[in-house]
Amino acid sequence: MTVRIATWNINSVTARLPKLLEWLESAAPDVLCLQELKCAADAFPHEAVAELGYETAAHGDGRWNGVAVLSRLGLADVVRGLPDQPGFQADDALLPAVEPRAIAATCGPVRVWSVYVPNGREVDHAHYRYKLEWLEVLRRAVLEDAAGPRPFAVLGDFNIAPADEDVYDVAAFEGLTHVTAPERAALTALREAGLQDVVPRPLKYDRPYTYWDYRQLAFPKNRGMRIDLTYGNKAFADAVTDSYVDREARKGKGTSDHAPVVVDLDV
């Protein structure tokens, strides 16, 4: 059985809905993990994607977060949020808020988590500590699925470049988040929990970047980062027949600043 799984930080599913529907028709993934919905779960365009054959499990509160899993292989055992997930307390908030950043589902023969890891903002910011705490909770949450015989993967916007070659110029990120040793150590800990980094191939240039800033002509200059990742267990990684960054979906006006990452499996 051939299964196509993808992940995409859509950067507002409402604003990008025409792009999303066009891409679903052209790329035809069986499962799509979305991040940064920027809409509440009940406001997700369920009917529009259902017309293309997809069921949706969404987790969002209408702010800048939100995650979803779209599947035409069925949806079972849906879990919204991580067990014991930490919250983040904004400067103007009385209490920490547990944000909608993770959702899991079983889609046919494969189980997936769609995750939107906190950005971290600045190294000395409370959001950076929150990011590291969140990643540790994610590691604990996936241990059982990672060890199982079923193909399993954590996909999404990790807001971390795993290695120096995963950014266009590592010197430009000195002292900034996304490339620090503690963040990369958190990814190492995730791999040591039984997951492998499924590195996609680029459709152009020599590095499979997945994100390019809207500013300063970053996309045409290929000043990008690989921060949208697929971490699969052995059963998942052994089934991979191809993986690529669909850079074409980043082109034009009204696009997300991220490109979809596609993974093909033979299960």
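1. A disulfide is here a pair of cysteine sulfur atoms within 2.5 Å. By that criterion, a search of the whole structure, which is a predicted model, finds zero disulfides. Cys33 takes part in no disulfide, and the nearest cysteine sulfur to it, that of Cys107, is 7.2 Å away. Cys107 is likewise in no disulfide, its nearest cysteine sulfur being that of Cys33 at 7.2 Å.

2. With regard to the overall fold, the protein contains five helices and 14 strands. Its radius of gyration is 17 Å, close to the 18 Å that the globule rule gives for 267 residues, so the protein is as compact as a globular protein of that length. The C-alpha trace spans about 45 × 40 × 35 Å along its principal axes.

3. Packing and sequence separation may be considered together. Of the 267 residues in the protein, 54% are buried. Among contacts with a separation of 6 or more, 71% are between residues 24 or more positions apart.

4. The surface and the charges deserve a separate remark. The protein exposes about 11,400 Å², and carbon and sulfur atoms supply 50% of that area. There are 29 positive and 39 negative side chains, and the centres of the two sets lie 4 Å apart.

5. Most residues other than glycine have a negative phi. Ser12, although not a glycine, has a positive phi of about 95°. Ser12 is located in the loop between strand S1 (2–9) and helix H1 (17–27). With a relative accessible area of 12%, Ser12 is buried.

6. In which element does Asp77 lie? Asp77 belongs to strand S5, residues 76–80. Asp77 is exposed, with a relative accessible area of 54%, whereas Ser12 is buried.

Key: Residues are numbered from 1 along each chain as its sequence is written. This is a predicted model: local features need pLDDT of at least 70, side-chain atom pairs count only at pLDDT 80 or more; totals for chains, interfaces and linings use all residues. Side-chain values use heavy atoms; hydrogens and water are left out. Helices (H or I, at least four residues) and strands (E, at least two) are DSSP runs, numbered from the N terminus. The radius of gyration is taken over C-alpha atoms; the globule rule is 2.2 Å times the number of residues to the power 0.38. Buried means under 20% relative accessible area, exposed over 50%, partly exposed in between (1.4 Å probe, protein chains only). Contact means heavy atoms within 4.5 Å. Accessible areas come from the Shrake-Rupley method with a 1.4 Å probe; for residues, only the protein chains shown count as cover. Lys and Arg count as positive and Asp and Glu as negative; His and the chain ends are not counted. The place of a charge is taken as NZ of Lys, CZ of Arg, CG of Asp or CD of Glu.
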